Amino acid sequence: MSTDSRAVKAEYFHGLAPGWDEKVGNNGARRDKLRRVFDMIGIRRGDRVLDVGCGSGVLLRFIEERTGPEGRILAMDPAAGMIDRAKELHREFGNIEYRVDFIEDAALPDGGFDVALCYAVLPHMDDIPRSLGVLFRSLAHGGLLYIFHPDDTRTLNEFHAGLNAPVKHDMLPEEAALRTLLDDAGFSVLRYIDEPGLNFVECRKGR
């Protein structure tokens, strides 16, 4: 997809930022569900965590609870409005850095993170192989990558296809295709779950 198309999608999410949490249902029930998902995520105290496509920052409190103030968090999103909203909602945390950027273009330090999170963002990456390559390089050896969504693959893809929006063609790869993409990038898939209400993939850098 062209750079212009990426910009169109970034502008689309930028415009949705002010009412994003209400629009997508980031309410108490969704946060309770995310808390249960975080019980499966291996973030430790002091970890360096990359939150890719952070949106309004719905994951940031869960991350900071686990890293503690000594951990470091980089929250990245290509939509400036989303970053502005995340900053506004998480002013009390002093260990979060914010960046407006596309993951496939991001200049990240090699081995600079222990954990990378991609929540509800992989389908919106226009170059998934390149993005996974950046994530692989940015993780320390043995670092963990989590790709997860609040719906199973079929439900998520049907929802996107039904939108009259720039993201209507953004599809989450089926299991076999996603495993191949991750393997080609150098990741080992430790766990794959695709069930009603959750798609969850846990990967490790290295074999």
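The legends below describe close-up views of one predicted model.

**Figure 1. The whole chain.** The chain contains eight helices and seven strands. Its radius of gyration is 16 Å, close to the 17 Å that the globule rule gives for 207 residues, so the chain is as compact as a globular protein of that length. The C-alpha trace spans about 40 × 40 × 35 Å along its principal axes. Buried residues make up 55% of the 207 residues. Among contacts with a separation of 6 or more, 69% join residues 24 or more positions apart. The chain exposes about 9500 Å², and carbon and sulfur atoms supply 50% of that area. There are 27 positive and 34 negative side chains, and the centres of the two sets lie 3 Å apart.

Figure 2. Helix α4 covers residues 60–67 and is mostly covered, with six of its eight residues buried. Which residues of α4 are buried? They are Leu60, Phe62, Ile63, Glu64, Arg66 and Thr67. Two helices are listed among the elements that these buried residues pack against, namely α3 (28–38) and α5 (80–89). The strands listed with them are β1 (48–52), β2 (72–77), β3 (96–100) and β4 (113–119).

**Figure 3. The largest nonpolar core.** This core holds 30 residues. Which of them touch the most other members? They are Leu50, Ile103, Leu108, Leu135, Leu145 and Leu182. At least two core residues come from each of the strands β1, β2, β4, β5 (139–149), β6 (187–195) and β7 (198–205). The helices α6 (128–138) and α8 (175–185) also supply at least two each. A second, separate core has 28 residues, including Ile43, Leu60, Ala86 and Phe93.

**Figure 4. Contacts of Leu135.** Leu135 belongs to the largest nonpolar core and is one of the members that touch the most others. Leaving out residues up to four places away in sequence, Leu135 touches Leu50, Val52, Ile103, Ala116, Cys118, Leu145 and Phe187. Among these partners, Leu50, Ile103 and Leu145 are also listed with the residues that touch the most other core members.

**Figure 5. Phe102 in the loop between β3 and β4.** Phe102 is placed in the loop that runs between β3 and β4. Met82 is 20 residues from Phe102 along the chain, and the C-alpha atoms of the two are separated by 13 Å.

**Figure 6. Ala120 in the loop between β4 and α6.** Ala120 sits in the loop between β4 and α6. Most residues other than glycine have a negative phi. Ala120 has 33% relative accessibility and so counts as partly exposed.

**Figure 7. Thr155 in helix α7.** Thr155 is found in helix α7, which covers residues 153–161. Is Thr155 buried or partly exposed? Thr155 counts as partly exposed because its relative accessibility is 33%. Pro196 is 41 residues away along the chain, and the C-alpha atoms of Thr155 and Pro196 are separated by 8.1 Å.

**Figure 8. Asp170 in the loop between α7 and α8.** Asp170 belongs to the loop between α7 and α8. With a relative accessible area of 3%, Asp170 is buried, since buried means under 20%. Not counting residues up to four places away in sequence, Asp170 touches Lys9, Pro123, His124, Asn157 and His160. Asp170 and Leu156 are 14 residues apart in sequence, and their C-alpha atoms are 9.7 Å apart in space.

**Figure 9. Lys205 in strand β7.** Lys205 is part of strand β7. Is Lys205 buried or exposed? Lys205 is buried, and its relative accessible area is 14%. The contacts of Lys205, not counting residues up to four places away in sequence, are with Phe136, Arg137, Leu139, Ala140, His141, Gly142, Gly143, Gly186 and Phe187. Lys205 and Arg44 are 161 residues apart in sequence and 17 Å apart in space, C-alpha to C-alpha.

Key:
Residues numbered from 1 in each chain as written. Predicted model: local features only at pLDDT ≥ 70, side-chain atom pairs only at ≥ 80, totals over all residues. Heavy atoms only, no water. Helix = DSSP H or I, 4+ residues; strand = E, 2+ residues; numbered from the N terminus. Rg over C-alpha atoms; globule rule 2.2 N^0.38 Å. Buried < 20%, exposed > 50% of the residue type's maximum accessible area, 1.4 Å probe, protein only. Contact = heavy atoms within 4.5 Å. Areas by Shrake-Rupley, 256 points an atom, 1.4 Å probe, with all protein chains shown as cover. Lys, Arg positive; Asp, Glu negative; His and termini not counted. Charge placed at Lys NZ, Arg CZ, Asp CG, Glu CD. Core = buried A, V, L, I, M, F, W, Y, C linked by side-chain atoms within 4.5 Å.
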